[in-house]
Amino acid sequence: MAAVSIRNLAKRYDDNEVMRDINLDIEDGEFVVFVGPSGCGKSTLLRMIAGLEEISDGDLDIGTRRMNDVPASKRGVAMVFQSYALYPHMSLYDNMAFGLKIAGKSKAEIDAAVQHAAKILHIDHLLDRKPRALSGGQRQRVAIGRAITRQPSVFLFDEPLSNLDAALRVKMRLEFAKLHDELKTTMIYVTHDQIEAMTLADKIVVLSEGRIEQVGSPQQLYHHPANRFVAGFIGSPKMNFIDGSVAAIQAEGVQVQLPGGGLQWAAVDGSTLQAGQKVTLGVRPEHLNIAEGQAALQARCTALELLGDFSYLYAAYEGSEDALILRVPDSLDPPHGSLLHLAADPARCHLFGADGQALPRLASSGAAQRQH
């Protein structure tokens, strides 16, 4: 096992800088997920750690050794790709043993390593089969097993579940979590699926346009996003964003005037704001409520998605093409087009300045009593 340290890392293709100012510490034994939209640089960063992409600037250390100029084969890492890349003419056993044979290991060492990996992945009864006789999930297990036999210091996974169907991906997420618990090896996992990131990671690294937007635990990123990008990317469905302006600033929070003239308190530090300044209110679907008293916003029901014991309600409001999303009980069934009065607990509200950065949320506030 080994820690990974990245300092001022950059990647350029000729004059085009695609990664810049990457600083990151990954602890020994940690499960870290790189997440972000397509083209954000997450796979490029993973490939630089693996030694498959040259580092233009900065330093990469694995353990106590600087790895910038160390060949990929000497870095002590094992990479599992989106494609299983199995040899179709070889049995599972031979696929998993191939790298060890090339490395000159003895038959006894190879057999022990393959049997150990196969047992961990519950494919020890399939070792005599060829890849064509396996399901997608079983093939991915073989690819992972091939990496395990190398006993690397760091595992690297590049969107390993993207070729699987939805049900199998859920099952394989659990397998990855159990694998990490058993091996306790440093793992770095790339995905564009934020649900995978939230369910697997000890620490999430959110990337956008070649830069790190925020690093933190799933709970930190969900409840305390650093900016609007992270707030909109982490969470499914995404956070609701409502444009407004600052109506009042007090020690307990900021009062925001919303479309239609309604007012909503947000328990955030407004010391850097001024009255009249444009801001964006952020509220997650489970925190936006249908109000019985005075409402902050009026909207009309446009659709309802029933998902078992709860529903997602979509509501259109004045001045926006984007519908609001509310998580509501399955018993709630408002008529299409009905008028809804909406409000949120100030302690559950986020506020973003014109630059997209989140204002610090207050630990406690009396603003909840001020919204009525």
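**Exercise 1.** Determine how the axes of α4 and helix α5 (residues 166-183) are arranged.

*Solution.* Step 1: the two axes, lines fitted to C-alpha atoms over the stretch in contact, come within 11 Å and cross at roughly 20°. The model is predicted, and local features need pLDDT of at least 70, side-chain atom pairs count only at pLDDT 80 or more, and totals for chains, interfaces and linings use all residues. Residues are numbered from 1 along each chain, and side-chain values use heavy atoms, without hydrogens and water.

Step 2: angles run from 0 to 180 degrees between N-to-C directions, and those under 35 degrees count as roughly parallel; α4 and α5 are therefore roughly parallel to each other.

Step 3: in the contact (heavy atoms within 4.5 Å), α4 contributes Gly136, Gly137, Gln140, Arg141, Ile144 and Ile148, while α5 contributes Leu168, Lys171, Met172, Glu175, Phe176, Leu179 and Leu183. By class, this contact has seven nonpolar, three polar and three charged residues, with Gly counted as polar.

**Exercise 2.** Identify the buried residues of helix α2 (residues 92-102) and what covers them.

*Solution.* Step 1: helices are DSSP runs (H or I, at least four residues). Buried means under 20% relative accessible area (1.4 Å probe, protein chains only); in α2 the buried residues are Leu92, Asn95, Met96, Ala97 and Leu100.

Step 2: the cover of these residues includes α3 (107-120) and α4 (136-148).

Step 3: after α2 comes Gly104, with a positive phi near 80°.

**Exercise 3.** Count the disulfides (pairs of cysteine sulfur atoms within 2.5 Å).

*Solution.* The count is zero. Cys40 is buried at 2% relative accessible area, and Cys349 is buried at 0%.

Key: Buried means under 20% relative accessible area, exposed over 50%, partly exposed in between (1.4 Å probe, protein chains only). Helices (H or I, at least four residues) and strands (E, at least two) are DSSP runs, numbered from the N terminus. Angles under 35 degrees count as roughly parallel, over 145 as roughly antiparallel, 65 to 115 as roughly perpendicular and the rest as oblique.
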